[in-house]
Amino acid sequence: MLFPTIEFCLFFLVFLFFYSFISNNSKKIYLLAIFNIIFYSFFSFFAFLYLLFWSFLLFIYPKIKFYKKTTFFVLIAIFQISFWKLYETGLLGIHDWKMPLGISFFTFQGLTYLFALEKIPSQKENLHIHSSWEFLKLFAFIGFFPTVFSGPILRAKEWDTEISQESSFTNHVLNIGLGLIALGTFYKLCLASYLHSTVSQAFSSPSEESSSFLWLGMYSYGFEIFFDFAGYSLMSMGIAKLFGFNIPNNFNQPYLSSNIRDFWTKWHISLSSWFRDYIYLPLGGSKVTKLRQNLNISIVMITSGLWHGLSGNYLAWGLLHLLAIVFYHNLPSKFKLPIVFSWFINLHYVFFAWIFFRSNSFSQAIEYISSMFQIENTGSDIQLYHYLLIFSCFLVIFTEKSILHIIYKNNIKSYLQTTILWSILFIIILIISPSGLPPFIYFQY
């Protein structure tokens, strides 16, 4: 039951129908909990058990009285994520289990509740929770179905505030919700899906492809992972908007960043801010010596790389970003490049690093890079549609803010006009999209 499929559309319409009649806070939580059970049952019973386990763990947390219990629970979280990351590598010798989807996001979202309850100093005061939650509320929050598989990671206090407010299903809300879902669907079904075939071909046997096609593959993957992930996030925002939740945008035109630090404030914002608030700032952040700040940055970026997977290619990806961030932080304050030049360098550095992220191993990434710089004419030809697709991707990332502005500010008054307009747009998207639905890239993390 993935976004966007007929099964999920039917599931969500039924949920929205019942939810629209509820104004009581506790009844909203009951309904969310029930639909979480239905939603996760479509994936695996294992994922449902994992959600139960994590919800129960945080439910009993305030009732336990022993020294450094917060550290103990954090260690449990680290252990279980490490176990599954090791399991993926095959080093544990276990091959019969299926890794449950969403375990990392269950964990990150659950820990935001724990840290908010403990009022850790690095978290903003307005994100603190003053009393513990009941089990069903934790179950509804941690398993919040629109966001849990790929984010955004929600903060417990913000979610609590949203569910406490009375939802209003106005025509303006309907327009924004459907607009965000339509844009996200276009990102995933059209742009990311068309890019996927080029990426798969380029990375399957790099040594057999021409250098020009491998450069095309690098650009294609850089855009595929963005439109795949941002598309999911936009759909999550739109779905949540329709039943009264204002989910923050997880991306803010990251490919227009002129430096690597700016990129990480705009890419996967909820995870970047999570690492900032719960790892970087508790370590001292930037309010320490230059050497210690560089160490803090190193810990965060290596953690980010290893979180994606315990293999050399992910570690290399994390180290490349680490080196760039440390280099940027140690540049003289007077050192400035023309904005277009710095944007061009930053974009290509990020795209180059994605090669390691996409490759199956460190050795394949090295093979891919070395083949990129071999002057050969053998391999797949680049067609006109390849150029048009990359041009379309650049066009979208430059105009995305204007598109979102139109979605949020449109002034259609009639429910009928809204329904007709967005129905036509969804039909057009389905017609121009390729057949099949490639898996969401970030589901595996």
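A: The protein chain has 17 helices and 0 strands. Helices (H or I, at least four residues) and strands (E, at least two) are DSSP runs, numbered from the N terminus. This is a predicted model, in which local features need pLDDT of at least 70 and side-chain atom pairs count only at pLDDT 80 or more, while totals for chains, interfaces and linings use all residues. Residues are numbered from 1 along each chain as its sequence is written, and side-chain values use heavy atoms, with hydrogens and water left out.

Q: What share of the residues of the protein chain count as buried?
A: Buried means under 20% relative accessible area, exposed over 50%, and partly exposed in between (1.4 Å probe, protein chains only). Of the 445 residues, 53% count as buried.

Q: Which residues touch the most other members of the largest nonpolar core?
A: In soluble globular proteins, nonpolar side chains tend to be buried together. A nonpolar core is a set of buried Ala, Val, Leu, Ile, Met, Phe, Trp, Tyr and Cys residues joined through side-chain atoms within 4.5 Å. The largest such core here has 142 residues, and L32, F227, F243, Y255, W267 and W354 touch the most other members. Helix 9 gives the most to this core, with 18 residues. Contact means heavy atoms within 4.5 Å; leaving aside neighbours within four places in sequence, W267 is in contact with residues including F226, Y255 and W354.

Q: How many salt bridges does the structure hold?
A: Side chains of opposite charge can pair when their charged atoms come close. A salt bridge is a side-chain nitrogen of Lys or Arg within 4 Å of a carboxyl oxygen of Asp or Glu. The structure holds 5 salt bridges. One of them joins K137 and D160, whose closest N and O atoms are 2.6 Å apart. K137 lies in helix 6 (residues 135-142) and D160 in helix 7 (residues 156-164), so this pair ties together parts that are 23 residues apart in sequence. K137 is buried at 14% relative accessible area, and D160 is buried at 15%.

Q: Where do D262 and K266 lie?
A: Both are in helix 10, 4 residues apart, about one turn of the helix.

Q: Is R276 buried or partly exposed?
A: R276 is partly exposed, with a relative accessible area of 38%. Its salt-bridge partner D277, with closest N and O atoms 2.8 Å away, is buried at 8%. Salt bridges that share partners join R155, R276 and D277 into one network.

Q: Where is Q253 found?
A: Q253 is in the loop between helix 9 (211-242) and helix 10 (260-266). Although Q253 is not a glycine, its phi is positive, about 50°.
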